[in-house]
Amino acid sequence: MDLLNTLVDKGLRRELPTRDEALAVLATSDDDVLDVVAAAGKVRRHWFGRRVKLNYLVNLKSGLCPEDCSYCSQRLGSTAGILKYTWLKPEEASQAAAAGLAGGAKRVCLVASGRGPTDRDVDRVSDTIKAIKDQNENVEVCACLGLLSDGQAERLREAGADAYNHNLNTSEGTYGEITTTHTYADRVDTVQKAHAAGLSACSGLIAGMGESDEDLVDVVYALRELDPDSVPVNFLIPFEGTPLAKEWNLTPQRCLRILAMVRFVCPDVEVRIAGGREVHLRTLQPLALHLANSIFLGDYLTSEGQAGKADLEMIADAGFEVENAGEVTLPEHRAPSGGCGSHAESGCGSQAESGCGSHESAGCGAHAEAGCGSHAGGGVCGSAPAAVAEAPADARTDLVSVRRRGAGTDLAPNA
């Protein structure tokens, strides 16, 4: 297929595909999906070999969020039966992180619900970062605390944070349908603060919210412009009690096409399969490793994931290997100092001019628990779920499971 040959050549040169080429990837048929995976896999292997980076989430503060982000089980007005608790103590968070690190995780993502941190919250998280790094010298720590005020990114960096997550989630044109309690520009500002403080940016999207192919291309091109070092791709988990609980718009094949499109547009960036892979990729998860070079290990923020042992077996069986703590994830031109990443030189964009995730459950890009969209008849994001259609007969509601173990409980975590 000439399209795929062209995209491979461009990916190896870090050249931006045209919008029509990106749309054409999403428009390929299920009959061609293995060809699409094979082509994007060449780009993935060129920049990242067969390494898979493992990340582990710790939900520092769950639920009770004042923001109305429609995709989130922790949103204002959510009736999802998730865990709700206030701040974990630093030693509790460090203990939770240790489980993921023991399972092979290289990065710990510290997440807290809310609009954004107070200065006291930044102190809490700083103490938690220190507690984790005191026990694990080489661990990367990413914070996801919401909208940052002046000086907070610098304080997190000084405390030892390596990265900051703030997801774009959807295109600027549809952002107002997600939430009314903060703006797209607020998210842009937070990403710029993280960049300016020297933090590695982590920013991604949520697919499966009823969006069109054009919406998906818009958000991925905005991410390329934003220039994060890592791009988490979430697949909507339609939690009961959230506005889009009945939205089941993804097939495993569509998920693979979305991941391939992201890889072609952002060839040399850490592409992470985040929330919802178990629900929507299902038995095709191993194929997704040919597209993404990073996954979350174990459970997510408010939902349960695949068993950590199964994750490791899947990676090995697919012929991949877990990236070691001493290895640099990004290609040399993106990480000239050998750290966890630098956006400054090239790759997936040139400046931070697009927004990213918000607050609570963006979870280093790993929750995808509800969403928005621009499709006809799918409901209005940020509104009550009145008159929403019934879930289709083939919806895998049996795969949506609320997390009842790990952080905030007395039960051992999944890692």
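A cavity is a set of grid points where a 1.4 Å probe fits but cannot get out. In this predicted model, a search of the whole structure identifies 3 cavities of 30 Å³ or more. The largest cavity holds about 100 Å³ of space. Its lining comprises 13 residues, and those closest to the centre are Tyr56, Leu57, Arg403, Gly406 and Ala407. Strand S1, spanning residues 51-61, supplies the largest share of this lining, with 4 residues. By residue class, the lining of the largest cavity divides as follows.

| Class | Lining residues |
|---|---|
| Nonpolar | 7 residues |
| Polar | 3 residues |

Turning to the chain as a whole, the secondary structure consists of 13 helices and 10 strands. Of the 415 residues in the chain, 61% are buried. The accessible surface of the chain amounts to about 14,400 Å², and carbon and sulfur atoms account for 48% of that area. Among contacts between residues at least 6 apart in sequence, 81% join residues at least 24 apart.

Within H6 (residues 152-159), the buried residues are Gln152, Ala153 and Leu156. Viewed down the axis of H6, these buried residues fall within an arc of 100°, and therefore they line one face of the helix. Gly160 follows H6 and has a positive phi, near 115°.

Conventions
Residues are numbered from 1 along each chain as its sequence is written. This is a predicted model: local features need pLDDT of at least 70, side-chain atom pairs count only at pLDDT 80 or more; totals for chains, interfaces and linings use all residues. Side-chain values use heavy atoms; hydrogens and water are left out. On a 1 Å grid over the protein atoms alone, a cavity is a set of points where a 1.4 Å probe fits but cannot get out, and a pocket is an open set with protein on both sides within 12 Å along at least five of seven lines; lining residues have an atom within 4 Å of a point. Grid points are joined across faces, edges and corners, and a volume is the space filled by probe spheres set on the points. Helices (H or I, at least four residues) and strands (E, at least two) are DSSP runs, numbered from the N terminus. Ala, Val, Leu, Ile, Met, Phe, Trp, Tyr, Cys and Pro count as nonpolar, Asp, Glu, Lys and Arg as charged, and the others, Gly among them, as polar. Buried means under 20% relative accessible area, exposed over 50%, partly exposed in between (1.4 Å probe, protein chains only). Contact means heavy atoms within 4.5 Å. Accessible areas come from the Shrake-Rupley method with a 1.4 Å probe; for residues, only the protein chains shown count as cover. The arc is that of the directions from the helix axis to the C-beta atoms.
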